[in-house]
There are 2 protein chains.
Amino acid sequence: MSDRQPPRPTDAELAILGVLWERGPSTVRDVHEQLNRDGSTGYTTILKLLQIMTEKGLVVRDETERAHVYQSRYGEQKTQRQLLADLAERAFGGSATKLVMQALSGRKANAAELNAIRELLDTLEGETR
Amino acid sequence: MSDRQPPRPTDAELAILGVLWERGPSTVRDVHEQLNRDGSTGYTTILKLLQIMTEKGLVVRDETERAHVYQSRYGEQKTQRQLLADLAERAFGGSATKLVMQALSGRKANAAELNAIRELLDTLEGETR
DNA sequence: CGAAACATACGAAACTCTTCGTTGACATCC
DNA sequence: GGATGTCAACGAAGAGTTTCGTATGTTTCG
């Protein structure tokens with residue numbers, strides 16, 4: 001009731017979510033250290049973003065310890081699909097198929113990757129039938 | 001030299017670009033009428049956005065007539081690929097293959113669409129070989 | 001001609017995003 | 001116990017986005 005669907009994460013938020021998905025539940029310090037390997041953002045910037053993300057419902061905060069522990073509220077795949085559905089809607093006239101075909105065309109794929117995709121197609125076709 | 005790569009269009013900008021791709025070169029009035037079928041945005045809102053998009057280099061403006069005619073500077077497919085590459089980078093660890101597979105999994109596809117994708121795969125595999 | 005319609009330009013308001021400095025609370029350790 | 005380090009909270013600045021009102025200049029036509 002009180003939860004509407006999650007908002008689209010912004011760029012900075014997505015970077016943080018990436019760390020949370022990779023590391024699992026983490027403190028601000030954890031995330032900050034991870035993100036500062038490349039690029040540099042201040043500690044309080046990460047903190048602020050995580051606070052906002054908590055308000056938005058993108059992450060869940062465990063406050064039992066002094067250093068709060070943050071965790072992504074939605075799984076990586078679910079978020080990725082959300083983003084893809086969103087992009088399909090905004091830029092592909094709502095057609096996920098167009099999106100897939102454009103993504104396939106616009107790049108050089110190696111044989112192994114193409115095979116993996118083909119296998120996935122087989123699986124999907126089996127289900128449809 | 002003076003042109004760097006185009007900026008990622010925002011949501012409202014993408015909606016306008018969609019109209020320009022569909023209709024071809026259009027005046028502010030054209031775009032406004034098209035976008036006001038659903039939702040409502042004022043005329044000057046569209047005008048302002050198109051002015052900003054001109055500054056950004058997303059569209060090109062022909063000022064020879066009194067009602068300026070705007071045209072998307074980059075093709076639909078090019079922009080779509082740009083957006084996909086961008087999303088792959090931000091949310092899929094840079095892997096377009098992961099993006100494709102997630103896009104395929106996260107939806108119900110009909111047989112015709114799957115076949116179209118399969119044919120595209122065949123073509124791509126032929127080129128790689 | 002003069003009124004109405006139509007066009008661009010400008011500026012500003014409301015909102016979001018990203019950043020970080022400062023403050024105050026709590027902990028640790030000489 | 002007092003200095004030093006770690007932490008969350010807060011506020012605010014600066015940029016970008018989206019919205020639109022108002023001003024101003026053209027065109028049209030009765």
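Begin by selecting α1(B) and α2(B), whose axes come within 10 Å and cross at roughly 110 degrees; axes here are lines fitted to C-alpha atoms, for helices over the stretch in contact, and angles run from 0 to 180 degrees between N-to-C directions. Helices (H or I, at least four residues) and strands (E, at least two) are DSSP runs, numbered from the N terminus. The helices α1(B) and α2(B) are therefore roughly perpendicular to each other, given that angles under 35 degrees count as roughly parallel, over 145 as roughly antiparallel, 65 to 115 as roughly perpendicular and the rest as oblique.

This is a predicted model, in which local features need pLDDT of at least 70 and side-chain atom pairs count only at pLDDT 80 or more, while totals for chains, interfaces and linings use all residues. Residues are numbered from 1 along each chain as its sequence is written, and chains are lettered from A and ligands numbered from 1 in the order in which they are written.

Staying with this helix pair, show the side chains of B:A15, B:I16, B:V19 and B:R23 in α1(B), which meet B:D30, B:V31, B:Q34 and B:L35 in α2(B); two residues are in contact if their C-beta atoms, placed from the backbone, lie within 7 Å. Colored by class, this contact has five nonpolar, one polar and two charged residues, where Ala, Val, Leu, Ile, Met, Phe, Trp, Tyr, Cys and Pro count as nonpolar, Asp, Glu, Lys and Arg as charged, and the others, Gly among them, as polar.

**The two chains together**

Next, display chain A and chain B whole: a rotation of 180 degrees with 0.0 Å of shift along its axis superposes chain A on chain B, with an RMSD of 0.1 Å. The two copies are thus related as by a two-fold rotation axis. For this, copies are superposed by least squares on the C-alpha atoms of residues with pLDDT of at least 70 in both. To find the axis on screen, select A:V100, which of the residues of chain A comes closest to the rotation axis, at 2.9 Å (C-alpha).

Then select the residues between the chains, where the contact takes 35 residues from chain A and 34 residues from chain B. On the side of chain A that touches chain B, the elements giving two or more residues are α1 (11–23), α4 (76–91), α5 and α6 (111–128) of chain A, and the largest share, eleven residues, comes from α6(A). By class, this side of chain A has 20 nonpolar, eight polar and seven charged residues. Of the interface residues of chain A, 97% are also interface residues in chain B, so the copies meet through the same surface.

Now select α4(A) and helix α4 (residues 76–91) of chain B, which pack at an angle of about 165 degrees, with their axes 12 Å apart. The contact is made by A:Q80, A:L83, A:L87 and A:A91 of α4(A) and B:Q80, B:L83, B:L87 and B:A91 of α4(B), and by class it has six nonpolar, two polar and no charged residues.

**The DNA strands**Turn next to DNA strand C, which 22 residues surround, the closest being A:T10, A:G42, A:T44, A:K48 and B:H68; a residue is near a molecule or strand if its C-beta atom, placed from the backbone, lies within 6 Å of it. Helix α3(A) gives the most to the surface near DNA strand C, with five residues, and the residues of this surface divide into six nonpolar, nine polar and seven charged.

Finish at DNA strand D, where the closest of the 22 surrounding residues are A:H68, B:T10, B:G42, B:T44 and B:K48. For the surface near DNA strand D, α3(B) gives the most, with five residues.
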